[in-house]
Amino acid sequence: MDIQAITTDSDELAHLKAIYLDSFPPEERLDFEQLLAKQQAGKGRFLGFYKEEALVGMMYYAEYEEILYIFYFAIDSNHQSKGYGKQMLAYMLERFSKHKIILLVEEIDEKADNYAQRVRRKNFYLRNGFAENAQFVVALGNDFEMLHRQGRPAYVSDYEKVQTYYYRDDQ
């Protein structure tokens, strides 16, 4: 697997955007153009994950101090359940070995229409280097549980630091 930064002038942007739009419901998405603008401003970064030169997954993250927040992480629906997600997370955990790494998952709610999917998603992260510590946030009007890298606990205050940095325009 090859992992590369995807720039705002990349030929892969259309495919990247398609993965993004296909993977996240509208109520959990930031505007794609905003993500690109933040990348150009140095606040966020897209990574593409390639198998034999084909884009199979994407990640968008922000880094502040020694905190890394993964906004979005997805595998193209045509390439899921082949171990790519596990490889991508292993790469990030190794590359940012000294960082606290944070990501959000939908709260486990037995009444949710996608309850089984929420459980599978959370369990995937717990099997692949992340831990829970009863930290919850509201993002884009939705309730999420915050997970962090095993052995490097992160808290809502860490999440808030990255958010403040990301959305502040003077840096």
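This is a predicted model: local features need pLDDT of at least 70, side-chain atom pairs count only at pLDDT 80 or more; totals for chains, interfaces and linings use all residues.

Reader: What is the order of the strands in the open sheet?

Author: The 7 strands run β1-β2-β3-β4-β5-β7-β6, and their pairing is mixed. From one strand to the next, the twist averages 30°.

Reader: What makes β1 and β6 edge strands?

Author: Each of them, β1 (2-5) and β6 (130-139), pairs on one side only.

Reader: How do you know that β1 and β2 count as paired?

Author: Pairing needs at least two bridges. β1 and β2 (residues 45-51) have 4 bridges, in the antiparallel sense, so they count as paired. Within this pair, A5 stands opposite L47 in β2.

Reader: Which strands does helix α1 lie across?

Author: Helix α1 (residues 13-23) lies across β2, β3 (54-64) and β4 (67-75), and runs at about 80° to β3. Helix α5 (residues 156-167) packs on the sheet too, touching β3, β4, β5 (100-106), β6 and β7 (142-149). The direction of α5 makes about 80° with that of β4.

Reader: Why is D158 called buried?

Author: Buried means under 20% relative accessible area. D158 has 5% relative accessibility, so D158 counts as buried.

Reader: Where is D158, and which residues does D158 touch?

Author: D158 is in helix α5. Leaving out residues up to four places away in sequence, D158 touches I67, K100, I102 and P153.

Key. Residues are numbered from 1 along each chain as its sequence is written. Side-chain values use heavy atoms; hydrogens and water are left out. Helices (H or I, at least four residues) and strands (E, at least two) are DSSP runs, numbered from the N terminus. Axes are lines fitted to C-alpha atoms, for helices over the stretch in contact, and angles run from 0 to 180 degrees between N-to-C directions. Contact means heavy atoms within 4.5 Å. Buried means under 20% relative accessible area, exposed over 50%, partly exposed in between (1.4 Å probe, protein chains only).
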